[in-house]
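Biologist: Can you show me the model? I have a few questions about it.
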Amino acid sequence: MGDFIKSLFGGSKPAPAPASNLDSDFPEYDSAPSPSPIYSSPSLSPNPTAAAFPEYNTLPTPVPYTKWYRVWERTSPSDFKNEAVIIPFIILLAAVHIWGRRKNKRKANAWAVAHIPVLEREFASVGFGKSVKEQLGRDSQSDEVPGAGDRDVAAESLMKETTAQEYTTYATGRQNVAFADVRIKLFKRYNPMTLAMEMILSFLFESMRAPKENMEITVHAFDGKEKDLVPVKSKAELDAKDSRFKGLQNSGYDACVWAVVHKEQMKGLRDERYDVSLTATKDHKSLPTWASVMSESAEVTETLLTKELIECVEKAGDEAFEYLIVTDQPIDKPSKLDEANPRKRVILSLRLPSSLQASAYEKTIPLFEYCVRLPDILAATAHFRPEVTRRIKSTREEEVKKLKKAGEGEKAEERRLEAEKKKKEMRDTRLKGLSAEEQRKFLEREREKGQKKQEKRMSRKA
C-alpha cells in the first residue's frame, strides 16, 4: 500500500538489482559509490520533503566559491594605469570649463555694473526683466541713483547669456531711439584648446582675425517713424500717441555712412562690412594719429565730428577704441531689393579691459554715453546741402539698379525654365498618344532638327 501511494505522488522507485552478466573485468565501476555534493551553506542542503516531490524542487544548483570573486586578489594597481590618466584629465577639463564660464559671467556683470547708471538714466526700460529700481523696491520716478551694492544685485537681470562667451542686453524707451542692443563677446576661457588654436591660426594667417573681447552697442534710430513702430492697443492710446508726438522734434535725418575708426580695424571693416566699403578714408587733424575718418562726403565729416566726440575718443584711448559708425546700409551686401531698404543706426565697438572691476570702464563710459545720445545730434544737425544728399542718394540708386537688373535676370531665367518645362510636358503627352512606328518617326525628326541646329551654330562660329 505504501509503494502505491509513493507512485501516485511521484516518489522514487527502488533501484533495480544490478545485472548478473556484468563484465567481470571492470568490477570497480559496479561497486563505486555516487559522489555526494559539498554544500557551502546549510540552506543549500538536501531537503527530504523535496525528494518526495521532485517537480517542485527549485533549489539552485550550488556553485563552488572561487578566487574570482575576490577582486583584491585577482587585480593590482598596475591594471588601472589608463584610468589613472583619464579620470584626472576629465576632472581637470570640467574644472577649467566651470572656471572659464564663471569668469566670463563675472566680467559681463562688471560691465553691467559700470553701465547701469547710464542705461537707467537714458532709457525707460533696461534689460529683459524688471528695472533696477523695481527690483530694489523703489519708485520708478525717483531720481535716486542705485548704489554700487545695489547695482551688483541687479546686474544679472540686465545681461542674458546667449552662449558661454556672449552676453546681450536690451534697452528701449527714449526719444529719437527705437531701441538699443548691446552684445559682449568674451574669450572662450571654458575651452582653452580652442582658444589657443584660434590664436595660433590668427598668427599664421592674416585672413583669420585674432580672438578678442569687445562690447558692441547698436542704437536703432526712429528716423521719423515713431507712429509706425510704437505699438498701441486701443484708439484712445492711438490718439494719446498722436498728441504726444505732435510737440516733439522730428527724429528724421539725412541718410549717410560715416565712421571714426581705429587704423588697425580699417582693413578688416572694409572686408567684413558692405556699408563701410562705400566710404573714402581720410585722416583728420583733430583726431589722434591712431584714428581716421571714413566718410561719403567732407560736409558729413565737418557736421558729425564734434569737439565732444573728439574728446571722448581721446579719453577712451588707443587700447579701448575700435570704431564708431553712423550708417543706413546693411552689413552684408544686399542680394535682394528688400535687403537694400535703409535702416538708420549708430554702432559703437570698444575693447574690454582685462580687469574685473567696474572702475576699469571709467575712460570709455563718456564715449558710450555719447553714442546713446548721437541720434539726438543727428536729428538736429544731420541735414546736408541738396548736392551732397543727391551724391549720396546716387550711390544707393546705382546699387538698387544693379539689384533690379539681377532680379529681372533671375525672373527671366525662371520664365525660360518654366516654358521649357511646359514644352517638355506637351511633347511627352503627345508622344504617349502615338503608335510605335509614329514614335520612331517623331524621334527621328527631332534628331534631324537637333543636327541642323548644331550645324548652324558651327557655321556661325566659323
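Modeller: A definition to begin with: two strands pair if DSSP finds at least two bridges between them. The model is a predicted one. Strand 4 and strand 5 (residues 214–221) pair in the antiparallel sense, over eight bridges.

Biologist: Which residue in strand 5 does Phe179 stand opposite?
Modeller: Phe179 stands opposite His220.

Biologist: In what sense do strand 3 and strand 4 pair?
Modeller: Antiparallel, over eight bridges. Ala171, for instance, has Ala180 in strand 4 as its bridge partner. The two strands form a hairpin with two residues between them.

Biologist: What about Asn176, where does it sit?
Modeller: Asn176 lies in the loop between strand 3 (166–174) and strand 4 (177–185). Its phi is positive, about 70 degrees, although Asn176 is not a glycine.

Biologist: Is Asn176 buried or exposed?
Modeller: Buried, because its relative accessible area is 7% and the cut-off for buried is under 20%.

Biologist: Switching to the surface. Which residues make the nonpolar patch?
Modeller: Ile200, Phe203, Leu204, Phe205 and Met208 make a nonpolar surface patch of about 570 Å². Ile200 is in helix 8 (residues 192–204). At 46% relative accessibility, Ile200 counts as partly exposed.

Biologist: And helix 15, how many residues does it have?
Modeller: Helix 15 (residues 386–432) has 47 residues. From its first C-alpha to its last it reaches 68 Å, close to the 69 Å expected at 1.5 Å a residue.

Biologist: Which residues in helix 15 are buried?
Modeller: Val388, Thr389, Ile392, Arg396, Glu399, Leu403 and Leu431 are buried there. An α-helix has 3.6 residues a turn, so residues three or four places apart point the same way.

Note on methods:
Residues are numbered from 1 along each chain as its sequence is written. This is a predicted model: local features need pLDDT of at least 70, side-chain atom pairs count only at pLDDT 80 or more; totals for chains, interfaces and linings use all residues. Side-chain values use heavy atoms; hydrogens and water are left out. Patches are made of residues with over 30% relative accessible area and no salt bridge: like charges are joined within 9 Å, nonpolar side chains (Val, Leu, Ile, Met, Phe, Trp, Tyr) within 5 Å. Accessible areas come from the Shrake-Rupley method with a 1.4 Å probe; for residues, only the protein chains shown count as cover. A salt bridge is a side-chain nitrogen of Lys or Arg within 4 Å of a carboxyl oxygen of Asp or Glu. Helices (H or I, at least four residues) and strands (E, at least two) are DSSP runs, numbered from the N terminus. Buried means under 20% relative accessible area, exposed over 50%, partly exposed in between (1.4 Å probe, protein chains only). The expected span of a helix is 1.5 Å times one less than its number of residues.
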